[in-house]
Amino acid sequence: MAKKIITVLGVTGTQGGSVAERFLSHPDWLVRGVTRNPGSPKAKNWASRGVQLFQGDYDDVQSLKAAFLGAHAIFAVTDWASNHARVTADAALQDKARAAGRTFEEYAGDLETAQGINVATAAAEPVVLRTLERFVFSTLPAVRDISRGEIVHSWEFDSKAAAEKYMRALPPLSRVLSTVTMGIFQETWRDIPAFRPRRRPDGTFELLRLRAAAGSHVADPLVVASRDTGAFVEALVLDHPTGTDVLGASAVLSREEYAALWGRTLGVEASVRDVSEDEYRRYVPEDIQVTLLDDLKFFAEYGYTGGNAKVKLPGELGIKTTPLEEYIRAQDWSLVLSGEM
Ligand SMILES: NC(=O)c1ccc[n+]([C@@H]2O[C@H](COP(=O)([O-])OP(=O)(O)OC[C@H]3O[C@@H](n4cnc5c(N)ncnc54)[C@H](OP(=O)(O)O)[C@@H]3O)[C@@H](O)[C@H]2O)c1
C-alpha cells in the first residue's frame with residue numbers, strides 16, 4: 001500500500017524536527033521535510049534517515065505548493081526570530097518598515113504573518129486539498145486583541161494569531177485545520193538566564209519571577225518542544241477530528257511547582273523570588289527584553305491561551321507527554337549547580 005505523506009515545515013528546527021522524528025516511527029507514513037538549504041548538516045542528517053527533502057521558502061508560494069502536492073498532512077510553523085534577524089541585517093527591509101510606520105520588531109511580525117498566509121495559500125490550492133486531510137498550525141494567542149490593546153509588544157504571538165485568523169477564514173483550508181498552541185520551551189534555559197535557577201551564596205537556588213506577573217498568576221504550560229511537538233501533531237493527525245486545538249504542554253506548572261520539581265530532581269533546595277522589571281530584564285538577552293516581559297504579563301493577567309476554552313489540555317486528548325523530571329535529569333546542569341551559569 002502506498003504510504004501517506006506528511007510535509008513538515010521547519011524540519012531542521014526544534015518543532016519540525018520533533019514532528020519528523022515521530023512520524024519516522026510510523027512505517028505507513030513518508031516524511032517530507034522543507035528547508036531553505038538541503039545542504040545544511042541538519043537537513044542532510046534528516047535525508048540520511050529517510051526524510052524526503054524539498055527546498056522551499058515561506059516567501060515563495062510555488063515552492064511550498066510543490067512540497068505540499070500529494071500530502072495527506074501538513075505541519076506548519078513559522079518563525080518570528082528569523083524574520084527579525086533579516087530585518088536587522090537588511091537596509092532595504094528597514095526602509096520598508098519605516099515607510100510602513102512600523103518598528104523593526106513589528107515589521108518582523110508582519111513578515112511572519114505574510115509567511116503564514118503564504119503557507120495557507122499554497123495549502124488551499126485545490127490540487128493540494130485533493131489529498132490533504134489535516135493541516136496543523138503551530139500558533140499562539142492574539143495578545144493585543146485579547147488584552148484590548150493593553151499589551152502590544154508580543155510580536156511573535158500576534159503574528160501567528162493573525163495568520164491563524166486568515167486560515168480560519170479560508171473555508172477550504174479551515175475544514176482541515178487543527179492547531180497546537182505551543183507552551184514555553186524547556187530548551188530555552190540555556191539561552192535565557194531568567195529561565196534557569198541561580199545559585200545563592202548559601203548553596204540553595206532561586207528561580208526568578210517577574211513581580212508584575214505574580215499577582216493572579218497560576219500556572220504556565222511548559223513544553224519539551226524537541227520531544228513533545230511530535231506527540232501533539234501525531235495525535236491531531238491520527239487520532240482526532242479536524243478542528244481540534246491542543247495546548248502544547250508537557251506539564252502545566254506554577255513557578256513554585258517548577259522550582260520544587262527542579263530542586264527535588266537534582267537533590268537541591270530551590271524556591272521562587274519575585275523581582276522588579278528592572279532586575280528581571282538583567283537576566284534576559286537584550287533583543288527580547290521588551291517582548292518577553294509583555295508575554296509574561298499577558299500569561300499572568302489572561303492565562304497563556306487568553307482563556308480560549310477551545311484549546312484542550314494534552315491529557316484530555318489522551319496525549320502522553322515527557323515527564324519534566326525526565327527532561328531535567330537528562331540535562332547537564334553542572335555549570336548552574338556550581339554557580340558558574
Ligand atoms: N521558545 C519558546 O518558548 C516558544 C514558545 C512558543 C512558540 N515558539 C515559537 O516557535 C517558533 C520557532 O520554532 P522552532 O523553535 O521549531 O524553530 P527553530 O528551531 O528556531 O528553527 C527555525 C526553522 O524555521 C525554518 N525557517 C525559517 N525561515 C524560513 C523560511 N523563510 N522558509 C522556510 N523555512 C524557514 C528553518 O529552516 P531552514 O533554516 O532549514 O530553512 C528552521 O527549520 C517561533 O516562531 C516561536 O514564536 C517558541
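1. A quick definition to start: a residue is called buried when its relative accessible area is under 20%. Keep in mind that this is a predicted model. By that cut-off, Phe157 and Phe299 are both buried.

2. A search of the whole structure turns up 9 aromatic pairs. In one of them, the ring centres of Phe157 and Phe299 are 5.8 Å apart and the planes sit at 45°, so this pair is tilted. Phe157 belongs to helix H9 (residues 155-168) and Phe299 to helix H14 (residues 289-302), so the pair links parts that are 142 residues apart in sequence.

3. Helix H14 has a pair within itself, too: Phe298 and Tyr302 both lie there, 4 residues apart, or about one turn of the helix. Their rings are stacked, at 5.4 Å centre to centre with 20° between the planes. Is Phe298 buried or exposed? Phe298 is buried, at 0% relative accessibility, while Tyr302 is partly exposed at 25%.

4. Elsewhere, have a look at Trp189, Phe205, Trp262 and Trp333, which form one aromatic cluster.

5. Now for the sheet. It is open, has 8 strands with parallel pairing, and runs in the order S3-S2-S1-S4-S5-S6-S11-S14. Strands S3 (52-55) and S14 (311-312) are at the edges with a single partner strand each, so one side of each has no neighbour in the sheet.

6. Strand S1 (residues 4-8) pairs with strand S2 (residues 29-35) in the parallel sense over 5 bridges; Ile6, for instance, has Val31 in S2 as its bridge partner. Helix H1 (residues 14-24) lies across S1, S2, S4, S5 and S6, running at about 165° to S1.

How values were computed: Residues numbered from 1 in each chain as written. Predicted model: local features only at pLDDT ≥ 70, side-chain atom pairs only at ≥ 80, totals over all residues. Heavy atoms only, no water. Phe/Tyr/Trp six-rings, centres within 6.5 Å; stacked < 30°, edge-to-face > 60°. Helix = DSSP H or I, 4+ residues; strand = E, 2+ residues; numbered from the N terminus. Buried < 20%, exposed > 50% of the residue type's maximum accessible area, 1.4 Å probe, protein only. Pairing = 2+ DSSP bridges. Contact = heavy atoms within 4.5 Å. Axes fitted to C-alpha atoms, helices over the stretch in contact; angles between N-to-C directions.
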